[in-house]
Amino acid sequence: MSVAWPTRLDEAVDAAAATPGATLLAGGTDLAVEVNAGRRRPVAVVALRRVRELGEVQITPAEVVLGAGMTFSAIAAELAAAVPALAAAARTVGSPQIRNAGTVGGNIATASPAGDTLPVLAALDASVELSSTAGTRTVPLRELITGVKCTAIRPGEVLVRVRVPPARGAQQFLKVGTRNAMVIALASAALVVDEERRTVACGLGSVGPVPVRPVEAEAFIAGEIDWGRLTVPEAAVARFAELVAGAARPITDHRATAEYRRHAVAVLAGRALRRSIDVISA
Amino acid sequence: MGSSTVAVRRPSDIGADIRRPDGVPKVQGAFVYSSDLSAEGMLFAKTLRSPHPHARIVSVDVAGALAVPGVRAVLTASDVPGSPTFGLEHRDQPVFAGDVVRYQGEPVAAVAADDPATAVAAAAAIDVTYEVLEPVVDPEAALVGPALHPDGNVFRHLAIRHGTTDACGEVVVEGIYEVGMQDQAFMGPESGLAVPADDGGVRLHIATQWLHVDRDQIAACLGLPPELVHLTLAGVGGAFGGREDVSLQIHLCLLALRTGRPVKMVYSRDESFLGHVHRHPARMWYRHHATRAGDLVKVEARVLLDGGAYASSSGAVVANAACFAPGPYRVPNAVIDGYAVRTHNPPCGAMRGFGAVQVCFAHEAQMDKLAVALGMDPVELRLRNALRTGDRLVTGQVITGTAPVAEVIRAAVAHPLPPSLSDKLPMMARPGGAGMTADVADLRRGLGLAVGFKNICFSEGFDDSVAARLRLELGASGSPVATVHVATAEVGQGFVTLVEQIASEELGLVDVVLADADTGVGSAGSTSASRQTWMSGGAVKQVCEQARGVLVERAAGLWGCTAAGLVWSDGEVVREATAQRMDLAEILAGGPVEERCVHRHRQTTPLDADGQGDAHLSFMFVAHRAVVDVDPGLGLVRVVQVATGQDVGRALNPLQVTGQIEGGIAQGVGLAVMEEIVLDGGQVRNPSFTDYLIPTALDSPDVAITLIEEPEPGAPYGAKGVGEPPAISSGPAVLAAIRDATGLELPRAPVRPDDIALRA
């Protein structure tokens with residue numbers, strides 16, 4: 001097995017191109033598990049951790065640009081104000097050791113249905129910048145993640161940056177697991193309120209092969225909110241939760257039943273809404 | 001390879017808080033576990049396991065494995081020279097499956113190779129043709145169905161008929177309860193190193209709970225006399241019953257003898273889940289009868305344990321389940337049937353609490369139901385029926401030792417309650433924890449009580465013994481050194497501090513050296529049944545007392561008097577007539593003193609056809625009060641506090657007792673709300689710590705402890721065991737609290753989020 005240790009982005013791109021089929025290694029929290037279990041045997045590895053650009057973050061009024069190598073710990077610490085839902089999701093990942101190693105780029109590239117940051121990135125309409133020796137392209141996250149652990153990342157491409165808007169209203173992330181920490185999500189929900197555009201975006205995790213956007217629920221609730229007062233009628237919350245449940249496409253496995261996942265994701269979405277918008281009984 | 005523990009000189013310490021000598025090394029990563037062993041020229045072994053729970057083996061072709069460069073041996077069933085089967089109580093389990101496999105993960109072959117990767121590749125290159133058969137995974141079906149093994153499907157049926165079996169109560173409550181399969185989840189997966197010996201035998205370094213019973217099973221399968229099989233205890237992470245059965249021991253020894261080289265094997269965590277026995281899943285039907293005043297009249301119970309594919313310790317586990325089925329209450333009449341049956345599920349055997357845990361979930365749910373039916377306070381109902389010294393169990397046995405049941409209950413409920421639910425409760429400390437799922441308005445608080453008990457030491461007439469050797473001599477510095485040699489497995493329970501405490505209590509100021517536990521000394525029995533303080537502690541005490549007799553005799557010789565006027569006092573021999581004193585160093589100047597003993601407890605008796613007999617030595621009682629916060633909408637639970645009163649006889653090392661109680665409660669909480677091996681047609685669906693969840697710090701409750709210290713007659717220093725009780729009623733208390741919070745019946749443990757959220 002060959003290992004490349006680039007320190008600059010162009011070196012990383014060159015290294016990825018030089019060895020067809022090279023495996024990109026970021027935090028290793030997914031890859032090492034696969035290797036230890038014998039499910040993957042990389043012949044060439046490009047280790048990205050020394051590439052400084054990948055760990056950088058830029059926060060401007062218009063945009064937050066995360067280096068793909070930003071760890072969950074860094075996201076939790078540095079983006080709590082700019083993108084609170086993403087910081088909240090990062091805090092739910094694994095243990096402190098995992099959060100110190102695992103990266104947002106890795107979370108996207110692994111594309112697990114239970115990837116904790118993915119519902120937030122989906123709700124934020126994140127876009128992802130990919131570089132290769134052929135150039136750089138930007139792909140919306142919803143087009144990048146194509147199925148369970150499947151992405152449209154091409155051989156030789158390095159996931160470089162993730163672009164999301166800064167918070168323009170309340171943001172929430174809630175995650176259900178059978179244990180109070182260090183647990184794979186049975187269901188999760190991100191809620192992003194944009195007071196400028198008067199929209200509500202919702203991202204659902206672990207209830208479909210890819211992050212789910214319950215667009216009907218989003219449109220419905222945006223229409224029910226009194227944007228001047230930031231209130232919403234009680235009855236609308238219940239309907240919103242119902243529509244969320246309807247959008248979920250969960251499966252039954254050894255972790256939970258589809259029925260529970262569908263139920264839980266609706267509860268989570270309802271609670272996320274209540275935390276963001278004042279609910280009035282009339 | 002071995003290491004001895006040298007204790008520093010310190011005063012007699014029974015009753016003091018003593019830190020474990022291996023505590024800091026374990027935290028710092030310096031402790032040498034069995035998986036850290038190595039030897040010059042050693043090979044690495046790998047086991048090939050059946051992917052099917054039930055199949056006929058049509059053929060096994062090892063040619064592909066032997067062709068892999070670096071492979072030194074490939075063994076299958078036909079390579080076992082001695083007994084083809086092993087087992088703790090009944091030798092019904094094949095070393096390697098020959099013509100049929102009976103559970104997923106059953107070993108079919110083992111290989112030894114120059115390095116671990118080659119061993120893995122070689123195992124994968126073995127070509128096994130299976131004819132896959134339908135597994136029988138329902139214990140009720142197995143109970144009445146065709147035999148899955150030449151020895152039949154019923155490991156044991158224990159019927160208890162006590163008092164007037166057709167007695168009836170004015171108030172009757174009934175219920176059906178279920179407990180899932182729990183794993184011990186000990187630190188340090190199975191591992192060992194086997195080294196061939198010049199005498200044609202083998203030396204095995206192994207993490208285990210009982211060296212001698214391993215040795216006897218290994219020797220029988222190797223076809224060697226036991227004295228040619230020498231075992232030394234290697235560093236153990238934990239056990240909780242999961243190391244009572246043989247796992248890789250025989251495979252390692254076979255490979256070492258075949259290759260003539262040291263062979264090491266280490267299970268991965270995933271393999272460990274398939275490679276050791278688990279806690280028996282249970283289905284339990286109960287009917288309680290009581291008077292209107294609240295006195296128990298009769299308990300009827302049928303307890304069905306799924307023993308999985310092989311016997312392991314199922315016979316003893318089901319005996320405990322039946323004997324302790326009513327809980328620690330006066331029950332004049334009883335009709336109890338306990339069954340342990342064979343299925344194609346993973347084998348089940350010993351785990352902390354050993355049968356008493358499963359029935360506690362049922363009898364405590366029944367007591368709560370009865371309290372409701374009587375309109376009585378559940379604490380009052382339990383106090384009213386609590387066992388006392390002199391009471392008779394449903395096995396007819398009269399409790400002659402201490403039985404502070406009312407005391408443990410009162411102690412548990414006397415602890416102050418935690419602050420009530422409010423917005424001040426941090427998000428992380430609510431149900432859902434780091435997932436930030438609950439607002440305080442989403443939560444309900446519940447309170448539950450449960451009481452449990454079980455036996456200490458082995459039961460039913462088993463000849464339970466521990467051999468101990470002591471050598472007293474002057475060390476290099478001229479000060480006395482006591483070297484204690486016992487085969488006691490230190491698996492985390494704390495014998496390592498106890499031996500030093502007992503030796504200095506009995507002999508005064510000595511440096512205590514605990515020699516490596518091995519089969520060079522007689523058996524110490526298993527580190528299980530909460531028995532090593534009583535048994536190995538008792539053996540060390542006894543051998544020290546014998547040595548004191550010799551020291552007094554020797555002092556008499558030196559003084560030229562008879563021993564009659566000499567007494568032992570504060571680590572010295574005192575001649576009462578003259579007030580002369582002679583210390584240990586002076587006496588030992590004449591040469592070392594060596595003593596040996598075999599310590600036994602009072603003999604118990606077997607149970608008769610009606611399940612009657614003085615089958616148990618002594619009993620430990622415990623009560624737990626759990627406070628939980630439940631999020632009914634999502635079905636999530638956070639156990640806030642568990643308060644406990646525990647009957648310990650006497651706490652010899654209170655710090656260690658606290659550790660046992662906190663750890664045992666965490667394990668009980670785990671069984672109540674998350675720990676379960678999920679099976680689907682005999683297949684384990686979650687053999688990893690990704691999916692077999694055990695409590696984290698955020699899931700573990702605050703623990704409030706009251707120790708009830710009423711010295712137990714006949715026990716060394718009056719100490720009862722303490723390891724198992726924390727795991728018995730803590731889980732049932734949590735279930736009771738969740739029922740209190742939700743109003744749901746919740747007859748099954750562990751409680752899953754669906755069980756609450758989809759029914760609330």
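In chain B, the loop between β11 (171–179) and β12 (191–196) holds A185(B), where helices (H or I, at least four residues) and strands (E, at least two) are DSSP runs numbered from the N terminus. The model is predicted, so that local features need pLDDT of at least 70 and side-chain atom pairs count only at pLDDT 80 or more, whereas totals for chains, interfaces and linings use all residues. Residues are numbered from 1 along each chain as its sequence is written, chains are lettered from A and ligands numbered from 1 in the order in which they are written, and side-chain values use heavy atoms, with hydrogens and water left out.

The backbone of A185(B) has a phi near 50°, which is a positive value in a residue other than glycine. With a relative accessible area of 15%, A185(B) is buried, a term that stands for under 20% relative accessible area, while exposed stands for over 50% and partly exposed for what lies in between (1.4 Å probe, protein chains only). A positive phi in a residue other than glycine is also found at M436(B), where the value is near 55°. This residue, M436(B), belongs to the loop between α11 (405–414) and β19 (444–456) of chain B, and its relative accessibility of 22% places M436(B) in the partly exposed class. A further backbone feature concerns the peptide bond from A749(B) to P750(B), which is cis, with omega near -5°; P750(B) is placed in the loop between β32 (748–749) and α18 (753–757) of chain B. Such features deserve mention because most residues other than glycine have a negative phi, and most peptide bonds are trans.

Two helix pairs were examined next. In chain A, helix α9 (residues 215–224) and helix α10 (residues 234–247) pack at an angle of about 170°, and their axes are 8 Å apart. The two helices α9(A) and α10(A) are therefore roughly antiparallel, given that angles over 145 degrees count as roughly antiparallel, under 35 as roughly parallel, 65 to 115 as roughly perpendicular and the rest as oblique. Here the axes are lines fitted to C-alpha atoms, for helices over the stretch in contact, and angles run from 0 to 180 degrees between N-to-C directions. The residues that make the contact are E216(A), A217(A), E218(A), F220(A), I221(A) and E224(A) on the side of α9(A), and A236(A), R239(A), F240(A), L243(A) and V244(A) on the side of α10(A), contact being defined as heavy atoms within 4.5 Å. Sorted by class, the contact of α9(A) with α10(A) has seven nonpolar, no polar and four charged residues, where Ala, Val, Leu, Ile, Met, Phe, Trp, Tyr, Cys and Pro count as nonpolar, Asp, Glu, Lys and Arg as charged, and the others, Gly among them, as polar.

In chain B, helix α12 (residues 495–507) and helix α13 (residues 532–559) pack at an angle of about 30°, with 9 Å between their axes, which means that α12(B) is roughly parallel to α13(B). Residues of α12(B) in this contact include F495(B), L498(B) and V499(B), and those of α13(B) include Q532(B), T533(B) and S536(B). By class, the contact of α12(B) with α13(B) has eight nonpolar, four polar and four charged residues.

Burial was also considered for whole helices. Six of the eight residues of helix α4 (residues 84–91) of chain A are buried, and the helix is mostly covered. The buried residues of α4(A) are A85(A), L86(A), A87(A), A88(A), A89(A) and A90(A), and they pack against β5 (64–67), α3 (72–78), α5 (96–101), α7 (118–123) and β11 (171–176) of chain A. Helix α6 (residues 249–259) of chain B has nine of its 11 residues buried, and so it is largely enclosed by the rest of the structure. Among the buried residues of α6(B) are Q249(B), H251(B) and T259(B), and α6(B) is followed by G260(B), whose phi is positive, near 70°.

Two strand residues complete the description. Q641(B), in strand β28 (residues 636–647) of chain B, counts as buried at 8% relative accessibility. The side chains of Q641(B) and R625(B) are joined by a polar contact of 3.0 Å, that is, a pair of N or O atoms within 3.5 Å, of which, within protein, one must be able to donate a hydrogen and the other to accept it, residues adjacent in sequence counting only if both atoms are side-chain atoms. V139(A), in strand β7 (residues 135–140) of chain A, is buried, with a relative accessible area of 7%.
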